[in-house]
Structure formats: structure tokens, C-alpha cells
Amino acid sequence: MSPRPPSAPQKALTDLDHRIEAAVGRSVDALWEQCDDGLLDETHTRLVEAHRALVQAVIGVTFHRTLLHRLTEGEFPVDQALFERIDRTVAQLEKAAGIRDERQKATVAALESVEADAPRANPAGVELSAPDFAALLAIARGAHLRQHLLTNQLSVVTASGTRIPPSVLDRLERAGLVERDTSHRVIAGQPVTLTDPGRATLTSRRPAIAAATAPAPRAGAWPATPRARN
């Protein structure tokens, strides 16, 4: 009878998790989620990609180590077939450990880049109100500054349909958190994107008031409160 492979968890803790959380100021889960949302700068994205690869390597080591334990705990008859399975599993475990070590080195290198940049994470030193923080979050997901054809009124239209007043955009621009692509005409829509300080501000610890659960606003209402994440 061949051994059943042990089930592997979808995510495993690594030796670097606590150091990563100390460097970025939030949990690994939150960091991964922000990466999936496209909210991280290049340095933090590289860290997430390296850490994810490390997690998969750790899972591989755990898989083969658990299988080796099952083979040697007395469940199977001691015969030549068992010896072959043990030899094969030991070789696979050794290879998995080598992959883990290489990926840990890559993760450490990415983490050291984040740690080196940590003192400059938010050079603007901006303290945002909850509405302005919500505006920055909405802009991060795609936004354009547009001018109404009939009224000439300006507003920032986000990908979610939320409209941000020009006064809010002006505050975020003066703080150096967002920028407009002025190569486009306003009447056609000027893309509004986050700057590096804007991304750093967004991915830092969020204000408690901004993270609090609130009733969903009416369509077109401002400010829009970001959906609370579990």
C-alpha cells in the first residue's frame, strides 16, 4: 500500500514573517491583500512576490518531512519497497530544503531593500482625514479628472463611479500624494494616479476612523467609505 501524501496548508509561516511585519507596519495578510489590489510600490511588490515564493517552498519542505515521518513511524511493513520510498523522500526533502534556502535569501534581499527605505516611507509627512484617505484609496483604483461639457464643472471620476470634488484633489496634489497627466485634455479626462509618497501613505497603518464599518453611501454621494475588510 502506498502512503497517502499529507495535506499541505495553503499558507505557512516563515522565519521572516515577524521581521516583515515590523518593517512594513502591518500583517503579512494585509500586505498580500494590498499587493493583490495593486496598491504597493515596486519595492514592496518585490518583497511580496519573494515571500510568496518562500511560503510555497516552506510548504514543500513540510510536505516531504511529514511524509518521511509517516514512512518511519511503523505504519508500513519494513521491506525493500519501504527503503526505496524513504530514500526517494529524503532526496525530495533535501531538494525542497535547498529551494527553501535560496528563496529565503531572495526574500531577505527584498526585505532589506524595504528596511533601507523605511525611514523615507512617507516623506511628505501627511496626516490625512478619513474623507481624504477614502479619496486616496478610490483614486488608487483608477481615476480621471473630467470637465462637464455643459456646466464646465470639474470632478474626479473614479473607477467605482465615485466623484471626488476638485478641492479634495487639490489638497492631495499639494501634499504630493497624487498627480495628473496633463498631456491629456481635461474635457477628455486627465488620468489621476498616486505618487510614491501617496502609495506609501495608503499602505501605512490606516486611521481607525477610516477603517470603521459604516453604512453604504448612496450612489454618487461623497465621501465614499471604503468597504471594511475582514
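The structure is a predicted model, in which local features need pLDDT of at least 70 and side-chain atom pairs count only at pLDDT 80 or more, while totals for chains, interfaces and linings use all residues. Residues are numbered from 1 along each chain as its sequence is written, and side-chain values use heavy atoms, with hydrogens and water left out. The protein chain holds 8 helices and 5 strands, where helices (H or I, at least four residues) and strands (E, at least two) are DSSP runs numbered from the N terminus.

**The chain as a whole**

- Read from the N terminus on, the elements follow the order α-α-α-α-α-β-β-β-α-β-β-α-α.
- Of the 230 residues in the protein chain, 37% count as buried; here buried means under 20% relative accessible area, exposed means over 50%, and partly exposed lies in between (1.4 Å probe, protein chains only).
- The accessible surface of the protein chain comes to about 13500 Å², and 52% of this surface belongs to carbon and sulfur atoms; such areas come from the Shrake-Rupley method with a 1.4 Å probe, and for residues only the protein chains shown count as cover.
- Among contacts (heavy atoms within 4.5 Å) between residues at least 6 apart in sequence, 62% join residues at least 24 apart.

- In helix 1 (residues 17-24), the buried residues are Asp17, Ile20 and Val24. They lie on the same side of helix 1 because they cover an arc of only 60° around the axis, the arc being that of the directions from the helix axis to the C-beta atoms.
- His18 and Ala22 are exposed on the other side of helix 1, whereas the buried residues of helix 1 pack against helix 2 (28-36), helix 3 (42-72) and helix 4 (80-117).
- Valine 24 has a relative accessible area of 8% and is therefore buried; leaving aside residues up to four places away in sequence, valine 24 touches Leu31, His44, Leu47 and Val114.
- Valine 24 and leucine 111 are 87 residues apart in sequence, and their C-alpha atoms are 9.4 Å apart in space.
- Just after helix 1, glycine 25 takes a positive phi of about 75°.

- The 5 strands form an open sheet in the order 3-2-1-5-4, with antiparallel pairing. Strand 3 (163-164) and strand 4 stand at the edges with a single partner strand each, so one side of each has no neighbour in the sheet.
- Two strands count as paired if DSSP finds at least two bridges between them, and strands of a sheet pair through backbone hydrogen bonds, either parallel or antiparallel.
- Strand 1 (residues 143-147) pairs with strand 2 (residues 154-158) over 5 bridges and with strand 5 over 2 bridges; histidine 144 has valine 157 as its bridge partner in strand 2 and proline 191 as its bridge partner in strand 5.
- The hairpin of strand 1 and strand 2 has 6 residues between the strands, and in this hairpin asparagine 152 takes a positive phi near 65°.
- Strand 4 and strand 5 pair over 3 bridges, with glutamate 179 opposite threonine 193 and arginine 180 opposite valine 192.
- Strand 5 has a covered face made of Gln190, Val192 and Leu194, and an uncovered face made of Pro191 and Thr193.

**Salt bridges**

- A salt bridge is counted where a side-chain nitrogen of Lys or Arg lies within 4 Å of a carboxyl oxygen of Asp or Glu, and by this rule the count comes to 10 salt bridges.
- Arginine 19 and glutamate 115 meet in a salt bridge (2.9 Å, N to O), which links distant parts of the chain, with arginine 19 in helix 1 and glutamate 115 in helix 4, 96 residues apart.
- Aspartate 36 and arginine 52 meet in a salt bridge (2.8 Å, N to O). Aspartate 36 lies in helix 2 and arginine 52 in helix 3, so the pair ties together parts that are 16 residues apart in sequence.
- Arginine 46 and glutamate 42 meet in a salt bridge (3.0 Å, N to O); because they are 4 residues apart in helix 3, about one helical turn separates them.

**A nonpolar surface patch**

- Leu149, Leu150 and Ile187 make a nonpolar surface patch of about 360 Å². Patches are made of residues with over 30% relative accessible area and no salt bridge, with like charges joined within 9 Å and nonpolar side chains (Val, Leu, Ile, Met, Phe, Trp, Tyr) within 5 Å.
- Isoleucine 187 is found in the loop between strand 4 (178-180) and strand 5 (190-194), and at 38% relative accessibility isoleucine 187 counts as partly exposed.
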